[in-house]
Amino acid sequence: MCPPQHFTVLYEINPWMHREVSVDRDLAQSQWECLVATLREAGAEVVTMDAHPDWPDMVFTANAGLLHGNQFVPSHFRNPERQGETPIFDAWFTERGYDVDRLPEELDHEGAGDALPFGDVLVSGYRWRSDAASHAVLSKMTGVAVRSVELVDERYYHLDITFCPLDDRRAMVVPEAWDHYGVRVMKELVPEALVLEPDEAAVFHANSVVIGTTVVMPACSARVGRQLEAWGFTPVVADVGEFLKAGGGVRCLTLSLDVTLGR
């Protein structure tokens, strides 16, 4: 995770961002600290990195890249407003002994924001921020099969706003954000899906972090909470409202380091 002391909305690169909307820096810091405490209480170890004054969206570390054991594949950001983050993340992982493997320069892919493991495959989104052609390259680099899902609603510009794996069978999903082929792929892949209603999707229910049986969420409707509890999970809400102003929720603010793709 990366603290938000430089977080603000300076530009508009997704439909949630509006430059006329100001960020309450003190509230953002408080919400971030509460999220860190919530994750730790759920059993996570939280590692932090330094923020950089030139790159306000560094706080959304899910987009740093993709992890597979000791392998780190840095993101290639489509928008110039975020491209300067890549060498910073690259250096951070290099200094800690990770094997850094880079995508070809001509391919865009935005890391764990657009790629989530489920079972023995990696599900990866494309269109708004990542290229479909990057999926075959990622599969070759990691040795893991990649299933592609096209994102068709620009509000849901990353896969992690539309898909939250809970375990090897269950996930929260926003199928209205995918093309017809993607819907079919996900129906075949996920045996038990909790389909989010439009109002639930719009407050980023799917952008949650699962730690054991705890699901840390930016919001949780009564309906979703009941279903999660019926499945044996405990939903815990962490208010990240200031970060939603930039189109980022709980998962966007975190990058899991203990990821090994495939079973």
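Residues are called buried under 20% relative accessible area and exposed over 50%, with partly exposed in between. These terms are applied below to close-up views of a predicted model.

**View 1. Helix H4 has a buried side and an opposite side with exposed residues.** Gly143 follows H4 and has a positive phi, near 75°.

**View 2. Strands S10, S11 and S12 form an open sheet with mixed pairing.** The three strands are arranged in the order S10-S11-S12. Strand S10 (209–211) and strand S12 (234–237) are the edge strands, each pairing on one side only. On average, and with direction ignored, neighbouring strands of this sheet are turned by 25° against each other. Four bridges join S11 (residues 214–217) to S12 in the parallel sense. Val215 has Pro235 in S12 as its bridge partner. Helix H1 (residues 25–41) lies across S10, S11 and S12 and runs at about 175° to S11.

**View 3. Phe60 and Phe243 form one of the nine aromatic pairs in the structure.** The arrangement of Phe60 and Phe243 is edge-to-face, with 6.4 Å centre to centre and 85° between the planes. Phe60 belongs to the loop between H1 and S1, whereas Phe243 belongs to helix H8 (residues 241–244), so their pairing ties together parts that are 183 residues apart in sequence. Both Phe60 and Phe243 are buried.

**View 4. Trp92 and Phe93 form an edge-to-face aromatic pair.** The ring centres of Trp92 and Phe93 are 4.9 Å apart, and the angle between the planes is 75°. Both residues, Trp92 and Phe93, are buried. Together with Phe72 and Tyr98, Trp92 and Phe93 form one aromatic cluster.

**View 5. A salt bridge connects Arg127 with Glu150.** The structure holds 15 salt bridges. In the Arg127–Glu150 salt bridge, the closest N and O atoms are 3.7 Å apart. Since Arg127 is in the loop between S5 and H4 and Glu150 is in strand S6, the pair ties together parts that are 23 residues apart in sequence. Arg127 counts as partly exposed, at 38% relative accessibility.

**View 6. The side chains of Arg155 and Glu176 meet in a salt bridge.** The N to O distance in this salt bridge is 3.9 Å. Arg155 lies in the loop between S6 and strand S7 (163–165), and Glu176 in the loop between strand S8 (170–173) and helix H5 (180–189), so the pair ties together parts that are 21 residues apart in sequence. Arg155 is partly exposed, with a relative accessible area of 32%, and Glu176 also counts as partly exposed, at 40% relative accessibility.

**View 7. Glu242 and Lys245 are joined by a salt bridge.** Their side chains meet at 2.9 Å, N to O. Glu242 has a relative accessible area of 7% and is therefore buried. Lys245, with a relative accessible area of 24%, is partly exposed.

**View 8. A network of salt bridges links Asp167, Arg169, Arg170 and Glu192.**

Notes:
Residues are numbered from 1 along each chain as its sequence is written. This is a predicted model: local features need pLDDT of at least 70, side-chain atom pairs count only at pLDDT 80 or more; totals for chains, interfaces and linings use all residues. Side-chain values use heavy atoms; hydrogens and water are left out. Buried means under 20% relative accessible area, exposed over 50%, partly exposed in between (1.4 Å probe, protein chains only). Helices (H or I, at least four residues) and strands (E, at least two) are DSSP runs, numbered from the N terminus. Two strands pair if DSSP finds at least two bridges between them. Axes are lines fitted to C-alpha atoms, for helices over the stretch in contact, and angles run from 0 to 180 degrees between N-to-C directions. Contact means heavy atoms within 4.5 Å. Rings of Phe, Tyr and Trp (its six-membered ring) pair if their centres lie within 6.5 Å; planes under 30 degrees apart count as stacked, over 60 as edge-to-face and the rest as tilted. A salt bridge is a side-chain nitrogen of Lys or Arg within 4 Å of a carboxyl oxygen of Asp or Glu.
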